[in-house]
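Visitor: I am new to this structure and would like to learn how to read it. Could you take me through a few of its features?

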Amino acid sequence: MSKILETKNVYKEFGQENKTVVLKGINMEVEEGEYVVIMGQSGSGKSTLLYNISGMDKTTSGEVIFDGEKISEFDDEKMSQLRLQKMGFIFQHSYLLKKMSLRDNVMLPAFKAKKYSKKEILEKGNSLMESLHIEGVADHAINQVSGGQVQRTAICRALINEPKILYGDEPTGALNASTTREVMDILNTINKKGTTIVLVTHDAKVAARADRIIYLQDGEIVSSLTLGKYEKQQEKNREEKTNQWLREQGF
Ligand SMILES: Nc1ncnc2c1ncn2[C@@H]1O[C@H](COP(=O)(O)OP(=O)(O)O)[C@@H](O)[C@H]1O
Ligand SMILES: [Mg+2]
């Protein structure tokens, strides 16, 4: 296996006079094809960590190496190009364009990335929407469909450029239990096909689907739990292990 992501002693501070140190020397590695979840109390620095390892935000010091490149040294332009080409993002709220159809929202990043021809983009977009069961509402506007359909649209959009890695910040945070399960299943399928996933969640059930869970406390990684591939172990077992480990962390 090869590493797709590595951080070396990453620090993140906010503010000038009243400095807050939010990330305090993060060293982590993610293997290609791995599914990693970041957990921790609210305010422990999970979102900050995700934004710093994905280049959405700039580290104060330390290195972030992604796919063989030291992205912590990239300028904004280079970083946004790399993000478009190789990374996908999903959030609690989708940031889709309200006046555009689901289909156009899905395809927009592909037209920006210029990685594929128009024909390929249409085919890819349609086939993604089919596999996530939203092809029937593809021409609807975002405000005409359900929350689950919106989140599935956001996932399609995140995947349209075939990213090497998919980042998520609480992507199921605004969904009900059955839609959460749907999204969890989709993420496992995507991961099984080879996409690396790094996800922040506070939901133990979501975390139990990952290969490995990292626990963040006050800006430091204090523990991790390896569960292995989802297909290899019963869900109930994984959830029990995860819950027990989380209790040990004081979650
Ligand atoms: N842009 C910012 N400016 C100042 N402080 C911030 C900023 N972003 C996050 N923080 C602070 O960093 C800490 C961790 O925040 P965050 O990463 O959002 O935590 P989590 O996602 O684990 O809830 C919090 O104390 C928060 O107030
Ligand atoms: Mg957060």
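Guide: Let us begin with Val200, which has its place in strand S8 (residues 196-200); helices (H or I, at least four residues) and strands (E, at least two) are DSSP runs numbered from the N terminus. This is a predicted model, in which local features need pLDDT of at least 70 and side-chain atom pairs count only at pLDDT 80 or more, while totals for chains, interfaces and linings use all residues. Residues are numbered from 1 along each chain as its sequence is written, chains are lettered from A and ligands numbered from 1 in the order in which they are written, and side-chain values use heavy atoms, with hydrogens and water left out.

Visitor: Is Val200 buried or exposed?

Guide: Buried means under 20% relative accessible area, exposed over 50%, and partly exposed in between, with a 1.4 Å probe and protein chains only. Val200 is buried, since its relative accessible area is 0%.

Visitor: Which residues does Val200 touch?

Guide: A contact means heavy atoms within 4.5 Å. Leaving aside residues up to four places away in sequence, Val200 touches Ile38, Lys46, Leu50, Gly168, Asp169, Glu170 and Pro171.

Visitor: How should I read the sheet, and what is the order of its strands?

Guide: Strands of a sheet pair through backbone hydrogen bonds, either parallel or antiparallel. Here two strands pair if DSSP finds at least two bridges between them, and the open sheet of six strands runs S6-S7-S8-S3-S9-S10, with mixed pairing. Strand S6 (87-91) and strand S10 (220-226) stand at the edges with a single partner strand each, so one side of each is left without a neighbour in the sheet.

Visitor: How do S6 and S7 pair?

Guide: S6 and strand S7 (residues 165-169) pair in the parallel sense over five bridges, and Phe89 stands opposite Tyr167 in S7.

Visitor: Which residues surround ligand 1?

Guide: A residue is near a molecule if one of its heavy atoms lies within 4 Å of it; the residues around ligand 1 include Phe14, Val22, Gln41, Lys46, Ser47 and Thr48. Helix H1 gives the largest share of this shell, three residues.
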